[in-house]
Amino acid sequence: SSEALGADLFEERFARFQGQNSHVLVEYVPSDFVAAADDELAVLEHIFAREERVRLQRAEQSAEVGCSNVLVDLCGIFKRSSIHDVRDLVLRQFGPDRFHYVYHIDQVDGSDRVLCVNSNSDVQFDEEFYKFLCKTYGEALRERIFFFVDNRNVIGKDVPFQLVYQRRFGQPLFMQSVVLAHDVDDFSKIWQAMGRSRTMNE
C-alpha cells in the first residue's frame, strides 16, 4: 500500500490481517511502479525481477532460500493479458527449467487449469492430474508450478489440493506469494475471505 499510515494504525490493520495464523511474514511494498509502467506485462516483469533479486540476495547471505511461486491479482491489473502472455513471460524470465506449469483460473467457467510452460497443453487441474504431478515431482511439486491467481471473476475461490499436499509432505504448497491489492484493507479482507492465509502458512 502507498498509504502514509501511522505506526499504531498500521499495527492495528496488520493484526486484523494476521488473525490467528502462524508463521506468516508479510512485506508491504510500495506500488508506485505500477502507475509508471508502460503496460501490465511490464508490471509483471518488474515483480518477477524484484522477487529474483531478493532470492539471490538471500542466497548470498546463506539464508533459507525459496522463490515466489504465487501471484494473486486482487485488483485486475492483468485483465487484458491472456494466460499465454503470462506463461511466455514466466518462460523468458525463469527459463524452461524453473517452472514447468502455470496454474490459472479459467475466466469463462472458473475451473482450475494448468498450462504447460514448454507447450500449449492446457489441462484441468483435477485429482488425476494432481496425482500425476505428485508421482512425477514428489514434494518438489510446488517448485514446478507457478500459481497465477486472477480473482477478478471468482473472489472466494481457493486453489485446490493445498491441504492435501501439506498433510502429505509437511510443507505448504505456496512457498512465497505476491499479492496485488488496492490497499491494506482490501488485501486483508479479501485474502482472509479466500482462506489462503490459513492454507498457505500452517
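Predicted model: local features only at pLDDT ≥ 70, side-chain atom pairs only at ≥ 80, totals over all residues.
Let me start with one side chain: that of Gln 171 reaches the backbone oxygen of Glu 139 at 3.0 Å, and a polar contact, meaning a pair of N or O atoms within 3.5 Å of which, within protein, one must be able to donate a hydrogen and the other to accept it, residues adjacent in sequence counting only if both atoms are side-chain atoms, joins the side chains of Gln 171 and Arg 142 at 3.4 Å. Residues are numbered from 1 along each chain as its sequence is written, and side-chain values use heavy atoms, with hydrogens and water left out.

Where does Gln 171 lie? Gln 171 sits in the loop between helix H6 (162–169) and strand S6, where helices (H or I, at least four residues) and strands (E, at least two) are DSSP runs numbered from the N terminus. Gln 171 counts as buried because its relative accessibility is 17%, the cut-offs being under 20% relative accessible area for buried, over 50% for exposed and partly exposed in between, with a 1.4 Å probe and protein chains only. Leaving aside residues up to four places away in sequence, Gln 171 touches Glu 139, Arg 142, Tyr 165 and Gln 166, contact here meaning heavy atoms within 4.5 Å.

Now to the sheet. Six strands form an open sheet in the order S4-S3-S2-S5-S1-S6, with mixed pairing, and two strands pair if DSSP finds at least two bridges between them. Strand S4 (122–124) and strand S6 (176–180) are the edge strands, each pairing on one side only, and the twist from one strand to the next averages 20 degrees. Strand S3 (residues 112–116) pairs with S4 in the antiparallel sense over three bridges, and Leu 115 stands opposite Asp 122 in S4. Helix H5 (residues 127–137) packs on the sheet, where it touches strand S2 (101–105), S3, S4 and strand S5 (145–150), and its direction makes about 155 degrees with that of S2; axes are lines fitted to C-alpha atoms, for helices over the stretch in contact, and angles run from 0 to 180 degrees between N-to-C directions.

Finally, the chain as a whole: the protein chain has eight helices and six strands, and buried residues make up 44% of its 202 residues. Among its contacts between residues at least 6 apart in sequence, 69% join residues at least 24 apart.
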